[in-house]
Amino acid sequence: MNETMFDAIIVGGGPAGLNAALMLGRARKKAVVLDEGRPRNAVTREAHGFLTRDGIPPGELRRLAKEQIARYPGITFIEDTAQSVTGKDGDFQIATAQGLTLRSKKLLFAVGMKDRPLNIPGLPEVYGKSAFVCPYCDGWELRDEPLVIITRGAEAMHFIPLISGWTDRFTLCTNGPDGLTDAEREDLRRHGVPFHDAPIRSIESEEGIVRQVVLEDGTAIPCRGIFFRPDLTIGSDLPQTLGCQVTEAGTVIVDEFGKTNVPGVFSAGDAVTMRHQAIAAASSGAMAAAALNNELNLEAWRQNG
């Protein structure tokens, strides 16, 4: 394995990385998917909004994807962690936690995002069961239910009108200073939205289903579900170590084809956008893989001409 020169190393085995592998396999390229096997959505019971796979457990989606990709002999899967990356366009090297050194002509980072811990007691117990981050993914299951929304500032004023499409029974908890303007507070009052800026003491639940949110001032808010804004960071800092430019939010900057500013390096999926949808990530991976494949073919054409 250490002596193999791959056409591409795909770092990350979520929807973006897997769809990239599918595209490269069908393009007759030799690629390896390097994934540590700890997906962010491991806490999620069902994936939604993915055409023909609505409601599928994320682990089952990955299993089916690998089963289909296995038809293409050029694709290899390795469960390991990428620890360092060196090299340049045409010859990149990635060292792994298990001591492998993988070489490739191109790189595709599909490293996604990961959650930083949120200091809210009880949230881990309900995350992925009755507390979620995306109403497009999980709003249907909580339609017409009483909810608590945990966010603040401009994000709250974006999220509140959005969630009203699924239920009109919700309370905003900002878990500290609300970050709202007087006009925004008045807008919430005008629409009958209760809101609290007291810190959250705890989230009480039973078998993963939230019962109530208790604030430090003693207020108890009964609810059946929670939507909250996660605190995210990119899944790996390897793109930055190669010199890839990133946004203030930490996402890798790419063009419409997934190309970074570093020659030979591509990125796709949640690592390049704050719009986190499994089907969008898969599409992003496919497009980046197509651009990467086109680059390889063009280089080979010129070299053999």
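## Strand β15 and its sheet

Strand β9 (residues 147–150) pairs with β15 in the parallel sense over 4 bridges, where helices (H or I, at least four residues) and strands (E, at least two) are DSSP runs numbered from the N terminus, and where two strands pair if DSSP finds at least two bridges between them. Within this pairing, V148 stands opposite I226 of β15. The model is predicted, so that local features need pLDDT of at least 70 and side-chain atom pairs count only at pLDDT 80 or more, while totals for chains, interfaces and linings use all residues. Residues are numbered from 1 along each chain as its sequence is written, and side-chain values use heavy atoms, with hydrogens and water left out.

Strand β8 (residues 131–132) also pairs with β15 in the parallel sense, over 2 bridges, and F227 in β15 is the bridge partner of F132. Five strands form an open sheet in the order β8-β15-β9-β10-β11, with parallel pairing; its edge strands are β8 and β11 (195–196), each of which pairs on one side only. In general, strands of a sheet pair through backbone hydrogen bonds, either parallel or antiparallel. Both faces of β15 (residues 225–228) are covered, since G225 and F227 on one side and I226 and F228 on the other are all buried, a term that means under 20% relative accessible area, with exposed over 50% and partly exposed in between (1.4 Å probe, protein chains only).

## Aromatic contacts

The count comes to 4 aromatic pairs, by a rule under which rings of Phe, Tyr and Trp (its six-membered ring) pair if their centres lie within 6.5 Å, with planes under 30 degrees apart counted as stacked, over 60 as edge-to-face and the rest as tilted. The rings of Y136 and W166 have centres 5.4 Å apart and planes at 85 degrees, so this pair is edge-to-face. Because Y136 lies in helix α4 (residues 135–138) and W166 in the loop between α5 (153–163) and β10 (170–173), the pair ties together parts that are 30 residues apart in sequence. Y136 counts as exposed, at 54% relative accessibility.

The rings of F159 and F227, with centres 5.9 Å apart and planes at 45 degrees, form a tilted pair. This pair links distant parts of the chain, as F159 is in helix α5 and F227 in strand β15, 68 residues apart. Both F159 and F227 are buried, and together with F132 they form one aromatic cluster. Elsewhere, the charged end of R143 sits over the ring of W140, 3.9 Å from its centre; this description requires NZ of Lys or CZ of Arg within 6 Å of the ring centre and within 35 degrees of the ring normal.

## Helix α8

The 26 residues of helix α8 (residues 278–303) should span 38 Å at 1.5 Å a residue, which agrees with the 38 Å between its end C-alpha atoms; the expected span is 1.5 Å times one less than the number of residues. Among the buried residues of α8 are A281, A282, G285, L292 and L296. What covers the buried residues includes β1 (5–11), α1 (15–26), β6 (101–109) and β17 (265–267).

## Positive phi in two loops

Most residues other than glycine have a negative phi. T52, although not a glycine, has a positive phi of about 75 degrees; T52 lies in the loop between β2 (31–35) and α2 (58–69) and is exposed, with a relative accessible area of 65%. N175 likewise has a positive phi, near 55 degrees; N175 is placed in the loop between β10 and α6 (182–190) and is partly exposed, with a relative accessible area of 23%.

Terms used
Contact means heavy atoms within 4.5 Å.
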